[in-house]
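Please look over the structure below with this short briefing at hand. The points are grouped by topic and are meant to be read alongside the sequence.

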Amino acid sequence: MRLKDQIAVVTGGSRGIGRAIVLALAAEGARVAFVYHGNEEAARSLEHQVKENGGLAAGSKVDVTDAKAVDAMVEKLLGEWGRIDVLVNNAGIIRDDLFVRLDEEAWTTVLNTNLGGTYHFCRAVAYPMMTQRRGRIINMSSIAAEHCNPGQANYAASKGAINALTRALAVELASRNVTVNAVAPGFIETDMTAAVRNKAGDLIKKYVPMRRLGQPDDVARVVLFLASADSGYLTGQVLTVDGGLSLGAISA
Amino acid sequence: MPNQDEIYTKVSATLVEALNVDEEEIRPTSTLQGDLGAESIDFLDIVFRLEREFGIKIPRGELFPESIFSGDPDFVQDGKVTDQGLAELRERMPFADLSRFEKNPEVSAISDLFTVDMITRYIQGKLAQPNGN
């Protein structure tokens, strides 16, 4: 039980990679407060599943772009559970379009959710973690920040900014034993990638040396490592989890 | 109104928490940076904790005046604090003991002004104000 009695917060926790993260952290003994936006049913189902497995997860509906709502949620959590040991900023969206067609709303919404949401939660937990003299912040990035496909300028910008924020925050909080890292997944089998995967089909396996899509749990395992005591001297890093996709190899 | 000893004791306890040092390490003349190992992030924490402990508001730059350290050429030249800078320090930090510093006003020595005693006097001054906050 690597996270016994620790308190974790996971944003975007009700589905996809976030859901796998909630399950993985809870399985290691953490009490997990997760945040969701739309899918009430998925949130309740996740709470139930964690409880069935003998753990505890509680979902709150919070709009990560709303600073006041985020502050209120974190304050309430600190009041009830006393501390926050791990923060996973996983909430993220895509609004793909070719740049010259990309409308302003698509640009702003992606930046506000992905980068803004990460910023709001980091801001809310930074001082509590500082005073605890221990903390783990894990931001969800993407290989899209460095390995860019057409149609994702807004998404790539938001993830690139998250990488830089990760490094900057790592420097500021390091002396208080708070590590800040990011995980950059490649192609993972979730709702978010469904449309792209339908179009690309087998081509994906051609470009991924490991010849398979990633599963949410593949990413959750790495998040778990970063949340654990094993990564105590590792900070400011972006760990790519992509089955070798970003190495650029193309099989015949 | 607490007396100076009572204030000193509370300030000391606050620094123990903020800087993770032992009580025995703290003397009235202990400098925050040199003796107690404080970094910039710690100065922030100290301000927050003092506000909470004493129920006061410490406006930004009032306890630890940032302008002198930002390298403003009116205040700092060739690594020394200018006469204008000294006047600024005197005005902004009436609670600090500048007698030694004035003799050799090296910028690098400014941090020696921040002692436990200095904070105690600052707090005393704040609490004595009719509308201390």
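Predicted model: local features only at pLDDT ≥ 70, side-chain atom pairs only at ≥ 80, totals over all residues.

**Contact between the chains**
- Where chain B meets chain A, 4 residues of chain B are in contact with 5 residues of chain A.
- On the side of chain B that touches chain A, the residues by class are 1 nonpolar, 1 polar and 2 charged.

**Helices H1 and H5 of chain B**
- Helix H1 of chain B, residues 4-19, and helix H5 of chain B, residues 116-128, have axes that come within 9 Å and cross at roughly 120 degrees.
- Because angles of 65 to 115 degrees count as roughly perpendicular and those over 145 as roughly antiparallel, H1(B) and H5(B) are oblique to each other, and their crossing is right-handed.
- From H1(B) the contact draws on B:Gln4, B:Ile7, B:Tyr8, B:Val11, B:Ser12 and B:Leu15, while H5(B) contributes B:Val116, B:Ile119, B:Thr120, B:Ile123 and B:Gln124.
- Sorted by class, the residues of this contact of H1(B) with H5(B) comprise 7 nonpolar and 4 polar residues, with no charged residue.

- A:Lys206 lies in helix H7 of chain A, which covers residues 203-207.
- With 13 other C-beta atoms within 10 Å, A:Lys206 is partly exposed, since a residue counts as exposed at 12 or fewer and as buried at 20 or more.
- Leaving aside residues up to four places away in sequence, A:Lys206 touches A:Ile250 and A:Ser251.
- A:Phe99 is 107 residues from A:Lys206 along the chain, and the C-alpha atoms of the two are separated by 27 Å.

Notes:
Residues numbered from 1 in each chain as written. Chains lettered and ligands numbered in written order. Contact = placed C-beta atoms within 7 Å. Nonpolar A, V, L, I, M, F, W, Y, C, P; charged D, E, K, R; others polar. Axes fitted to C-alpha atoms, helices over the stretch in contact; angles between N-to-C directions. Helix = DSSP H or I, 4+ residues; strand = E, 2+ residues; numbered from the N terminus. Parallel < 35°, antiparallel > 145°, perpendicular 65-115°, else oblique. Left-handed = near helix turned anticlockwise from the far one by under 90°.
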